[in-house]
Structure formats: C-alpha cells, structure tokens
Amino acid sequence: MSNPFLSIVIPAHNEESRLPPSLAQIDAFLRTKSFESEVIIVENGSEDRTYEVARDCARAYPNVSVIQSPDNLRGKGLAVKQGMLAATGDWRFICDADLSMRIEELAKFLPPHSDGHDIVIASREAPGAVRVDEPEYRHIMGRVATFIIKVAAIRDYEDTQCGFKMFSGKVAEDLFAVQRMNGIGFDVELLFIAKRRGYRVKEMPITWYYDPYSTMRLWDDSMKLLREIWEIRRNWHQGIYG
C-alpha cells in the first residue's frame, strides 16, 4: 500500500474527556477529503483513562492507532517524536488534543497553501491571527516566552510554541530523528535545527480559542525554557545533531 497523504499526530496526557469529541471532529473533517490519512494518538504518562479511551476510539475509527510511551519516559516532546517517526504520511501534522485551533484550518497548512515550504507552523501572532477569549495575563505569558526565544535562540518567528505544526514527511524524518528535548523546548529545538539546515518555514495565522485548562506557569516554564535552550545551543556546537 502507498503511504497516506496526511498523518495527524496527537500527543495525549490526561485527555480522557477531550479525545472523543476531538476525534469525532477530526473524523468528520477527514471524511470531506479525498486523500488517504492516518491519525496516531501517543499516550504519555496519563493519570486517568486516556489510554483506554484512545484504544476505544481506535476501534471506532479504522484510520486511528494508539502508541503508549514507555513508563520511565515522559514529556510532550517525547510523545510528538514517537508519533512523527511512526507516521508514514507525505505530510505530518502535530495536533493538540484540545483543538484550540479548529481542525478545518488544517487545510491551510497543506499544498498548495504551503507555497513550497517544508514546515508550516500555526501562529497566534502573525498578521491576520485571531485570539478568542484569552485573558490578558495569558497573552503576556506567551509574549514573555517569545521574547526569551528570540533573544536566546531564534528571532525569525513570532510564535514557536503553538501546538499545531505541519512537516513534510522527509523533513519530519530528518528533524525528529535528532530531536532530544522532551519538555517545553522541543518546538524551539526543531525550528532551531530546521533553520540551520536550510528548511523553509512558514508561519500561518490562525484563529485560536483559549483553553482555560492550560497549565502554563510563567516563572517555572520560563526557567525550563531557558535551560533547554542552553542545552540546544550546546548540542549544536558539539555536533550532536549531526
């Protein structure tokens, strides 16, 4: 069988309540498309019934499969890496389980809208983006993270941390094979390497709906981000990324 045109990878940590409605929306969207697709859920260290719920969903939808991270390894970065390397699509899309970007917008990330770019990242800050119901303090937290990233790592992008990103299959296999960050810095790591390898990256403005269950913490997450950026730069200078 030929590879699917699109793979959707969903990292899932304590998502037992959000997975079923989100997968129903994704399935409804994919049914309107003529291309072949697959959906890969990667359960990572959940303390609820996420894995069991994901398995139930896989039985309900033939194109859905489930991966479970090893018990001794945790982190969204790890879950995304597992899913993207297991995927076989010509295009591979990271998708947060909360669907804070409506799944219908995924079409904007695919050819011909990708305009020949290797990577298309969702942006809540690019011209034309809309943020819905977001408290001011949460927006400030996001801008602090962006400031840190621009000063310490990469200046090219206004929003590296949004959880919706598209990669061509070939580029995904290259970048995720060398990804090392399991925590908050994995997005920065991927784009840091992509820029230095000459891949073309496009920021796509989206409409983004605030999730009140977000666990972002300004001080703790900023310190973690700084530590991981230091590791990324050290890894690069040591030639660890190849």
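This is a predicted model: local features need pLDDT of at least 70, side-chain atom pairs count only at pLDDT 80 or more; totals for chains, interfaces and linings use all residues.
Colleague: Happy to start with pockets! Which helix gives the most to the lining of the second largest pocket?

Modeller: That pocket holds about 180 Å³ of space. Its lining consists of D27, L30, R31, K33, F35, E36, S37, P62 and N63. With three residues, the top contributor is helix α1 (residues 19-31).

Colleague: And how many charged residues are in the lining of the second largest pocket?

Modeller: Among the lining residues are D27, R31, K33 and E36. By class, the lining has three nonpolar and two polar residues, and the charged ones number four.

Colleague: Is F35 buried, partly exposed or exposed?

Modeller: Buried would need a relative accessible area under 20%. F35 has a relative accessibility of 21%, so F35 counts as partly exposed.

Colleague: In the pair of W236 and Y241, what is the angle between the planes?

Modeller: W236 is partly exposed at 26% relative accessibility, while Y241 is buried at 1%. Their rings form a tilted pair, 6.4 Å centre to centre, and the angle between the planes is 35 degrees.

Colleague: Let's turn to strand β7. Which residue of β7 stands opposite R92?

Modeller: Strand β7 (residues 165-168) is covered on both faces, with K165 and F167 buried on one side and M166 and S168 buried on the other. It pairs in the antiparallel sense with β4 (residues 91-94) over four bridges, and with β5 (residues 119-123) over three bridges. I119 stands opposite F167, and the residue opposite R92 is also F167.

Colleague: How many of the eleven residues of helix α6 are buried?

Modeller: The buried residues of α6 include F186, D187, V188 and E189, along with L190, L191, F192, I193 and A194. Helix α6 (residues 186-196) is largely enclosed by the rest of the structure, because its buried residues number nine.

Colleague: Where is D133, with its positive phi?

Modeller: Most residues other than glycine have a negative phi. D133 is not a glycine, yet its phi is near 65 degrees. This residue counts as exposed, at 66% relative accessibility. Its place is in the loop between β6 (130-132) and α4 (136-152).

Colleague: One more backbone question: what is omega for the peptide bond from P111 to P112?

Modeller: Most peptide bonds are trans. P112 is found in the loop between β4 and β5. The bond from P111 to P112 is cis, with omega near 5 degrees.

Methods. Residues are numbered from 1 along each chain as its sequence is written. Side-chain values use heavy atoms; hydrogens and water are left out. On a 1 Å grid over the protein atoms alone, a cavity is a set of points where a 1.4 Å probe fits but cannot get out, and a pocket is an open set with protein on both sides within 12 Å along at least five of seven lines; lining residues have an atom within 4 Å of a point. Grid points are joined across faces, edges and corners, and a volume is the space filled by probe spheres set on the points. Helices (H or I, at least four residues) and strands (E, at least two) are DSSP runs, numbered from the N terminus. Ala, Val, Leu, Ile, Met, Phe, Trp, Tyr, Cys and Pro count as nonpolar, Asp, Glu, Lys and Arg as charged, and the others, Gly among them, as polar. Buried means under 20% relative accessible area, exposed over 50%, partly exposed in between (1.4 Å probe, protein chains only). Rings of Phe, Tyr and Trp (its six-membered ring) pair if their centres lie within 6.5 Å; planes under 30 degrees apart count as stacked, over 60 as edge-to-face and the rest as tilted. Two strands pair if DSSP finds at least two bridges between them.
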